[in-house]
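Subject: Handing over the two-chain model

Hello,

Here is the structure you asked about. Please look through it before reading my notes below.

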Amino acid sequence: MATGLTRFGRRMRWVPSVCNGRQFSTSVCDKDHNPPAKSFNLYTAINQALHIAMETDPRAYVFGEDVGFGGVFRCTTGLADRFGKTRVFNTPLCEQGIVGFAIGLAAMGNRAIAEIQFADYIFPAFDQLVNEAAKFRYRSGNQFNCGGLTVRAPYGAVGHGALYHSQSPEAFFCHVPGLKVVIPRSPREAKGLLLSSIRDPNPVVFFEPKWLYRLSVEEVPEHDYMLPLSEAQVIREGSDITLVGWGAQLSIMEQACIDAEKEGISCELIDLKTLIPWDKETVEASVRKTGRLLISHEAPVTGGFGAEIAASIVERCFLRLEAPVARVCGLDTPFPLVFEPLYMPTKNKVLDSIKSTVHY
Amino acid sequence: MSSSTFSSMNTIKSSCFTTENHSLNPSSIIPTSSFLVSTHKLRFNTPTANSPPCFIKNRQTHIVAVSDVKQKQLKSTPSVGNLLITKEEGLELYEDMILGRTFEDMCAQMYYRGKMFGFVHLYNGQEAVSTGFIKLLKQQDCVVSTYRDHVHALSKGVPAREVMSELFGKTTGCVRGQGGSMHMFSKEHNLIGGFAFIGEGIPIATGTAFTSKYNREVLKQADCDHVTLAFFGDGTCNNGQFFECLNMAALWKLPIVFVVENNLWAIGMSHERATSDPEIWKKGPAFGMPGVHVDGMDVLKVREVAKEAVARARRGDGPTLIECETYRFRGHSLADPDELRDPSEKAHYAARDPITALKKYMIENKLAGEAELKAIEKKIDELVEEAVEFADASPHPDRSQLLQNVFADPKGFGIGPDGRYRCEDPKFTQGTAHV
């Protein structure tokens, strides 16, 4: 392991750390006192996770379009050189084939880490994911399973992506029992969550916020660590309103929380991390504390995952709620080209919604 | 010899297949079909039909209708003499290719100056395919393209100023600023998109071809012989949609031509390393349609093949699969640093620049003088500059345009007092939409 990790810097010794300010996300101090780590951006953290996953499991494979030279976002750099072309290889341009083939690999006990180049391209593979991956264990009576399957895809707006390079399709997959959907918010989270997703005995769709690939820089421990799935994290404590989000949207919500603080509104911000199965207890406990809920995501509002969270919380906390559950999301249109700033749930939209919810 | 340029191109092409490291046995690669070899003979100004090329015997089982028709044509001397094109046709082709090249170069400039944004994919080097095919079409014939669609739009007749405005995201663009680089549409010129996703356009092209056949045979509109051209790349030929549509088109004998622009690279994936049998034209006969391979860097060869295929479709004889061996001089998109391709490969194809080749052909065959061609280049330069000025001066779309066209009648907009949908009212964009 040491020889592998020296690629990324010198080996760290175990030293208790303090909470450092992070550029794009706040987080509570680590409970397990990780040693101070070097700063990496999101794609480097994911790259590290993939290296570790391939190292620790000799039957792990990484494949997809253009992964051989490092991928269009550089997440797979160095893997082909290190592990060889038999374990890290390019596939032809057929998403349905890529995912179907990955399910087959996983069914035979391998760890298939398939990359879909953009989440917008995942729809030909949707059939395989919904009809095969999600139901494999169920319909074979647990004789076979494709738990080794992890599908990674960059999702979300990137500023200039327009209709087909900016979509957030997480809601479609949340509707399928049998699949897990995981979305990290920052490099440190991404590495831990990706390693957990790869090692989880269920098929996982791992969406990476492409806007943050280079922008989000954080200190990431270089050793092998996993963050638990299906556990939401309260990343900012507050008492007036609970905000729930995931991925790149959290940094926007954080800015809104800071602005709201100046107006005397104390916001509690929760990172859901795993969208399905999602951590209802944490969100419920928070809403019982504050009495108000706001959900924000980039996907269009109608039928987005915010609707599921809203319905579940209303069901559980109806009498405690002091205002209707607010959803600040994308508009109900295809992701636009020039109108992207109008479409997106911006900081001001979130802030307005916080204020109107608190002053309901 | 006046046509030595093209003959030398033929030999370079066959050697290029062997220098590339792949497992295909060089002797089994016959780059040109019999159909093309006969074209080669014409260009040598000795239309001898007496000595048929040796390829015909091998190819007869594969290519069904195409070679037969071409053989018949050889016997009747073309009335325009021994050249393939007239002066007018030559100038038209030249102008179209220069327009494509100048426009794309201007796009690159504008992109690096920040005037356009997003993902822009340029067509430099592949102009021969677009010009060779699309210039043979009528206005009612349909073209379905990919994300590399600026030049297809220009060849089909969409004005350069509209395409440039669309790239800048302005309301005067051909899609009113809603699509951008990868989504060029034109109802007037029957350009049915611009598709960001590979292979998505092919089934749609199959549908438009079906409409044309239906109109002709069921609705008895005798003059409806419209043809559809579907353009796509080598990477797409490994996608399921491609094979599904080859099957449907051949099954129903649709008036469609499948044009593969094989530029050997799908972003960073080399065609030979991604495909079990890199010769795409062979996949046509597997489905029951002729498969033809043509040198896509030579507009005249492309045009000859295209004439045949389009005529075949118009007659009602069904689809054709045409693989054009071509190359893109720039990277996959303007964001691609283009580090993966071998410089010698790039140099090899740069030497086969279709525009230079046509220019040389026209001058050597005395179809046009240097001055005439320069005048065309100047005219095109001015046209493209004017397009940029027009695009710059055009307004950005109004905020209220954001919610338009999601549905035919978006809920809440409803029918206006005049009985039409509110969103069809030109005054609709005055800010009444809910944002």
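My notes on the interfaces, the database features and some local details follow.

**Ground rules**

This is a predicted model: local features need pLDDT of at least 70, side-chain atom pairs count only at pLDDT 80 or more, and totals for chains, interfaces and linings use all residues. Residues are numbered from 1 along each chain as its sequence is written, chains are lettered from A and ligands numbered from 1 in the order in which they are written, and side-chain values use heavy atoms, leaving out hydrogens and water.

**Inside chain A: domain against domain**

Chain A splits into domain 1 (2-221) and domain 2 (233-358). Those bounds come from an automatic or database domain assignment. Domain 1 of chain A puts 33 residues into the contact, and domain 2 of chain A puts in 27 residues. Contact here means heavy atoms within 4.5 Å.

The size of an interface is often given as the accessible area lost when the parts come together. Between domain 1 and domain 2 of chain A, the buried area is about 2,300 Å². Carbon and sulfur atoms give 59% of that. (Buried area is the accessible area, with a 1.4 Å probe, that two parts lose on being put together, summed over both.)

The rule finds 2 salt bridges across this domain interface. A salt bridge needs a side-chain nitrogen of Lys or Arg within 4 Å of a carboxyl oxygen of Asp or Glu. A:Arg185 and A:Asp271 form a salt bridge through their side chains, at 2.7 Å from N to O.

Which elements supply the domain 1 side of chain A that touches domain 2 of chain A? Helix H7 (170-174), strand E6 (180-182) and helix H8 (187-199) of chain A each supply at least two residues. H7(A) gives the largest share, 4 residues. Helices (H or I, at least four residues) and strands (E, at least two) are DSSP runs, numbered from the N terminus. That side of domain 1 divides into 20 nonpolar, 9 polar and 4 charged residues. Ala, Val, Leu, Ile, Met, Phe, Trp, Tyr, Cys and Pro count as nonpolar, Asp, Glu, Lys and Arg as charged, and the others, Gly among them, as polar.

**Chain B against chain A**

The contact takes 31 residues from chain B and 28 residues from chain A. About 2,500 Å² is buried between the chains, with 78% from carbon and sulfur atoms. In chain B, B:Phe197, B:Met269 and B:Leu402 lose the most area to chain A, together 26% of what that side buries. The count of salt bridges between the chains is 0. Polar contact joins 3 residue pairs, both residues at pLDDT 80 or more.

**UniProt features**

For chain B, UniProt lists "domain: Dehydrogenase E1 component" (unreviewed entry) at residues 96-398. UniProt positions are given in the numbering used here, feature names are shortened, and annotations may be inferred rather than shown by experiment. Residues 96-398 of chain B are 46% helix and 12% strand.

UniProt also gives a "coiled-coil region" (unreviewed entry) at residues 366-393 of chain B. That span is 86% helix and 0% strand, and its end C-alpha atoms are 42 Å apart.

**Local details in chain A**

The peptide bond from A:Ile276 to A:Pro277 is cis, with omega near -5°. A:Pro277 sits in the loop between strand E12 (274-276) and helix H11 (280-290) of chain A. A:Ser230 has a positive phi, near 60°.

Best wishes

How values were computed
Polar contact = N/O pair within 3.5 Å; in protein donor to acceptor, adjacent residues only side chain to side chain.
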